[in-house]
Amino acid sequence: DPLTCLPGRSRFWELARALERKVLDDVELGLAVLFVDLDGFKQVNDRFGHDRGDWVLSRAADVVRESVRVEDVAGRLGGDEFAVCMTAPQEKLEAAAASTAERIVERVREIGYDIGCSIGVSLCERGAPNLSRALALADQAMYEAKRLGKNRYVLREDTTLEA
């Protein structure tokens, strides 16, 4: 993505699929997907213009990139939506995903302009992960975070994933 220097949607999927394959090959690993949506972004564009909106998107991308580990995959899905795909040993997956989500929520607030973010987290701890389903569940959890008041994350575990 030229604006944020994060992988765009198709490149994100390509890199995330590689992590999905890694988890399929190693039963000790789990997969987590974070769906990040900025809160208050439309108001930035409306009040301050698209140049400032682009700056906010670029800064939010920096926050996401700086909040993940080298082995994680972060990308911009489009608009003000970002995603992270990560792996960790199953017993540490929830803590790793929660820590990453907390860091992103905290640091996005620091951008200013009344910007925040809502994050949905989907954990694929058991069985063969299904990346498409995990992203859909993370998206649903993100909307739940927005309904609960924004500037937070909601974590969901999917134990019914199919290959």
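**Note on the predicted model: cysteines, cores and selected residues**

1. Cys 5 is in none. The nearest cysteine sulfur to that of Cys 5 belongs to Cys 117, 20 Å away. Cys 124 is in none either. The nearest cysteine sulfur here is that of Cys 85, at 8.1 Å. Cys 5 is exposed, at 62% relative accessible area. Cys 124 is buried, at 1%. The classes are: buried under 20% relative accessible area, exposed over 50%, partly exposed in between (1.4 Å probe, protein chains only).

2. **Ground rules.** This is a predicted model, in which local features need pLDDT of at least 70, side-chain atom pairs count only at pLDDT 80 or more, and totals for chains, interfaces and linings use all residues. Residues are numbered from 1 along each chain as its sequence is written, and side-chain values use heavy atoms, with hydrogens and water left out.

3. **Fold layout.** The protein has five helices and five strands. Their order along the sequence is α-β-α-α-β-β-α-β-α-β. Helices (H or I, at least four residues) and strands (E, at least two) are DSSP runs, numbered from the N terminus.

4. **Overall dimensions.** The radius of gyration, taken over C-alpha atoms, is compared with a globule rule of 2.2 Å times the number of residues to the power 0.38. For 163 residues, a compact globule would come near 15 Å; the protein has 15 Å, so the two agree. Along the principal axes, the C-alpha atoms fill a box of roughly 50 × 30 × 20 Å.

5. **Burial and surface.** Of the 163 residues, 48% count as buried. The protein exposes about 7900 Å². Carbon and sulfur atoms supply 47% of that area. Areas come from the Shrake-Rupley method with a 1.4 Å probe; for residues, only the protein chains shown count as cover.

6. **Contact range.** Contact means heavy atoms within 4.5 Å.

7. **Largest core.** A nonpolar core is a set of buried Ala, Val, Leu, Ile, Met, Phe, Trp, Tyr and Cys residues joined through side-chain atoms within 4.5 Å. The largest one has 32 residues. Those touching the most other members are Leu 34, Leu 38, Phe 82, Ile 104, Val 108, Cys 117 and Ile 119. At least two residues come from each of β1 (29-39), α2 (41-48), α3 (50-67), β3 (81-89), α4 (90-109) and β4 (116-124). Helix α4 gives the most, with seven residues.

8. **Second core.** A separate core holds 18 residues, among them Ala 16, Leu 31, Ala 83 and Met 142. In soluble globular proteins, nonpolar side chains tend to be buried together.

9. **Helix α2.** Lys 42 lies in α2 and is exposed, at 55% relative accessibility. Asn 45 is also in α2 but is buried, at 16%. The side chain of Asn 45 makes a polar contact with the side chain of His 50, at 3.4 Å. A polar contact is a pair of N or O atoms within 3.5 Å; within protein, one must be able to donate a hydrogen and the other to accept it, and residues adjacent in sequence count only if both atoms are side-chain atoms. Leaving aside neighbours within four places in sequence, Asn 45 is in contact with His 50 and Gly 53.

10. **Arg 107.** This residue sits in α4 and is partly exposed, at 22%. Beyond four places in sequence, Arg 107 is in contact with Arg 59, Val 63, Glu 66 and Ser 67.

11. **Leu 155.** Strand β5 (residues 152-157) contains Leu 155. Not counting residues up to four places away in sequence, Leu 155 touches Glu 94, Ala 98, Val 121 and Leu 123.

12. **Positive phi.** Most residues other than glycine have a negative phi. Asp 114 has a positive phi, near 60 degrees. Asp 114 is in the loop between α4 and β4 and is exposed, at 72%. Asn 151 has a positive phi of about 50 degrees. Asn 151 is in the loop between α5 (131-147) and β5 and is partly exposed, at 28%.

Key: Disulfide = S-S within 2.5 Å.
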